[in-house]
Amino acid sequence: KLIITMWYNILITIVLVILAGTFAGLTLALFSLKLTTLEAKIKTGNKDAQRVYKIRKKGNLLLCTLLLGNSASYTIMAIFLGSITTGVIAGILATALILVFGEILPQAIFPRYALKIGARLYWFVWILLILFYPVTAPIAWVLDKILGKEAPVLWSKEELGEIIKLHEDWGKGIIDKDEERILLGALTFSEMKAVDIMIQSEK
């Protein structure tokens, strides 16, 4: 019976570490996706963006929910881990599990596939939003009143130019060399003088 209890506690601890890592990864991944970026993708018919936008637009409510889930997972994990071992060993195990599986791996993996992971775990986040709503809604409401709506992401002409260059260099055919030249020229067209584009006639 003691062995069964020990393995049960180990299993619960593993599940809680996975949950904590999922919360940490989702927090970083979802908030790396800006609303304006998702809106642009939705206009092109991106289904993943449509799903993620429904939860991402909730902003502070989403943040409070994921942080609450993360904190609760670590707190409960500490209780179960304490029933398996105590003292220095428990501290070392807890630190190793939290650092590697709860923080490093999720934060290294999730942001790379933020949109895909967000769309696949859309149902899971919705359940959490509903489950934690009585606790998180008042906090989110206060944050909304203090901070206001999330500001859209805007780029200067120079930044847009760098984005265009990046898409041509790394976009795998999204923008070709000629399109890059035309787009960059359009961004600087209003700053040109007539003399810059005049063609000298032949005599």
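1. Buried here means under 20% relative accessible area. Phe23 sits at 4%, so it counts as buried. Keep in mind that this is a predicted model.

2. On to the ring pairs. The rule gives three aromatic pairs. One of them is Phe23 with Phe124: the ring centres are 6.0 Å apart and the planes meet at 25 degrees, so this pair is stacked. It ties together distant parts of the chain, with Phe23 in helix α1 (residues 2-32) and Phe124 in helix α7 (residues 122-131), 101 residues apart. Phe124 is buried too, with a relative accessible area of 16%.

3. Tyr122 and Trp126 make an edge-to-face pair, because their planes stand at 85 degrees, with 6.3 Å between the ring centres. These two are four residues apart in helix α7, which means about one helical turn separates them. Tyr122 is buried at 14% relative accessibility, whereas Trp126 is partly exposed at 27%.

4. There's a cluster as well: ring pairs link Phe23, Trp123 and Phe124.

5. Which residues does Asn70 touch, leaving aside those up to four places away in sequence? They are Ala20, Phe23 and Ala24, so Phe23 turns up again here. Asn70 itself belongs to helix α4 (residues 60-84) and is buried, with a relative accessible area of 13%.

6. Last one, Arg112. You'll find it in the loop between α5 (87-109) and α6 (114-120), and at 69% relative accessibility it counts as exposed. Its C-alpha atom is 9.9 Å from that of Ser32, although the two residues are 80 apart along the chain.

Note on methods: Residues are numbered from 1 along each chain as its sequence is written. This is a predicted model: local features need pLDDT of at least 70, side-chain atom pairs count only at pLDDT 80 or more; totals for chains, interfaces and linings use all residues. Side-chain values use heavy atoms; hydrogens and water are left out. Buried means under 20% relative accessible area, exposed over 50%, partly exposed in between (1.4 Å probe, protein chains only). Contact means heavy atoms within 4.5 Å. Rings of Phe, Tyr and Trp (its six-membered ring) pair if their centres lie within 6.5 Å; planes under 30 degrees apart count as stacked, over 60 as edge-to-face and the rest as tilted.
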